[in-house]
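Reader: I am new to reading protein models, and I would like to go through one slowly. Could you show me how to approach it, feature by feature?

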Amino acid sequence: MADLPIINLPLLHRDPLAKSSVIKKIRDACHRYGFFHVVDHGIPDRVIEDALKVSGEFFELPMAEKEELASDDVCKEVRFCKLEMGEFARDFLKLYANPLDHFLASWPRSPPYYREKMGIYSKEVRKLSIELFGAIMESLKLDNQTNHLQKKFEQGLQTLVLNSYAPCSESDKKIGAPPHTDHSIITVLLQSAPGLEIDNGETWKNVPNLKGSLQVLVGVHLEVISNGFYKSVLHRAIPSFGDSTTRLSIASLHNLAIDEVVEPAAELAIDSEDGSSRMYKGSSLRDYLKHLASGEKRGFIETIKIN
Ligand code: OGA
Ligand code: NI
């Protein structure tokens, strides 16, 4: 696999030529890899450092305090989870983040500044995701639907997943987060250290943690909107081996509203006399959460594919 694509965001605003070349690069990236790096994304370093700092402090709290936020209900607004299943080990905290005013009161109270710093990061990353979504819609050439979907995206749900991976030795290799695709339209990922790996066919490709970059992953619902042209990327995360520091990551998942049905864009799923080229049934984020809770073995995307 060649080097992964890097999108330089300000080029979207420089001149029409620069813009169309970035849009084309986004199209290729989403089609070939379901992934790209974004640099010069406009989120200040300080905001990023603070978000990682308060996230690390949260995971260092006594287990009893964190477990007050534990729940088996996958729809819960705030959910702490300590996952230990064979080779997989990570702690995560899932937070709903948009509209922020609505959810902020459910976020952890400690450490101090947690809500403030994480709130600032979540707003910044949300702004970025809206810009990225606009560019992605343009890259799909969805003229008729762009405005309509853009509005729904702006009113959509944002979920932060904060992950903590304890270091482990070479001999006791843990994988961290198991292979999965994200149930989002896009996910913007921030990592404190490298560890994200994406599916490379036979092997896993280590994603470098380029300085000042954030990682953008195509989620299942963007695969659906694009009628399969963009691929939701299979990925996993590994902790740092033999390193004494805990690896942290903050995934920001961007969806439409929880009950909004996502379908292949009509322009990409043409109906003709010979039938329809539509590859997926409509589904909402709630359908996915129900699928998660059901314990069904097949991946969600398999359940919505039209054969
Ligand atoms: C996730 C995820 C990757 C990482 O939370 O969905 O894929 O690097 N995290 O922690
Ligand atoms: Ni993920």
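Author: Let us begin with a term that we shall need at once: a residue is called buried when its relative accessible area is under 20%, exposed when that area is over 50%, and partly exposed in between. Please keep in mind that this is a predicted model.

Reader: Which residues of strand 10 point one way, and which the other way?

Author: Leu214, Val216 and Val218 point one way from strand 10, while Gln215 and Leu217 point the other way, and all of them are buried. Strand 10 covers residues 214–218, and with five of its five residues buried it is mostly covered.

Reader: In which sense does strand 2 pair with strand 10, and over how many bridges?

Author: Strand 2, made of residues 35–39, pairs with strand 10 in the antiparallel sense over four bridges, and in this pairing phenylalanine 36 stands opposite valine 216. Strand 7, residues 186–191, also runs antiparallel to strand 10 and is joined to it by four bridges, with valine 188 standing opposite valine 216.

Reader: Let us turn to the metal. Which residues are the protein donors of the nickel ion (ligand 2)?

Author: The protein donors are His180 and His235, each through NE2, and Asp182 through OD, lying 2.1 Å from the nickel ion. Along the sequence these donor residues follow the spacing H-x1-D-x52-H.

Reader: What surrounds ligand 1?

Author: Among the residues around ligand 1 are His180, Asp182 and His235, together with Arg90, Tyr165 and Ser249. An oxygen atom of ligand 1 is 2.6 Å from an N or O atom in the side chain of tyrosine 165, and a polar side-chain atom of serine 249 lies 2.6 Å from an oxygen atom of ligand 1. Taken alone, ligand 1 exposes 290 Å², and the protein buries 95% of that.

Reader: How many disulfides does the structure hold?

Author: A disulfide is a covalent bond between the sulfur atoms of two cysteines. The structure holds zero disulfides; for cysteine 75, the nearest cysteine sulfur belongs to cysteine 81 and is 14 Å away. Cysteine 75 counts as partly exposed because its relative accessibility is 31%, whereas cysteine 30, at 0%, counts as buried.

Terms used
Residues numbered from 1 in each chain as written. Chains lettered and ligands numbered in written order. Predicted model: local features only at pLDDT ≥ 70, side-chain atom pairs only at ≥ 80, totals over all residues. Heavy atoms only, no water. Donors = N, O, S within 2.8 Å, 3.2 Å for Na, K, Ca; no water. Buried < 20%, exposed > 50% of the residue type's maximum accessible area, 1.4 Å probe, protein only. Helix = DSSP H or I, 4+ residues; strand = E, 2+ residues; numbered from the N terminus. Pairing = 2+ DSSP bridges. Near = heavy atom within 4 Å. Polar contact = N/O pair within 3.5 Å; in protein donor to acceptor, adjacent residues only side chain to side chain. Areas by Shrake-Rupley, 256 points an atom, 1.4 Å probe, with all protein chains shown as cover. Disulfide = S-S within 2.5 Å.
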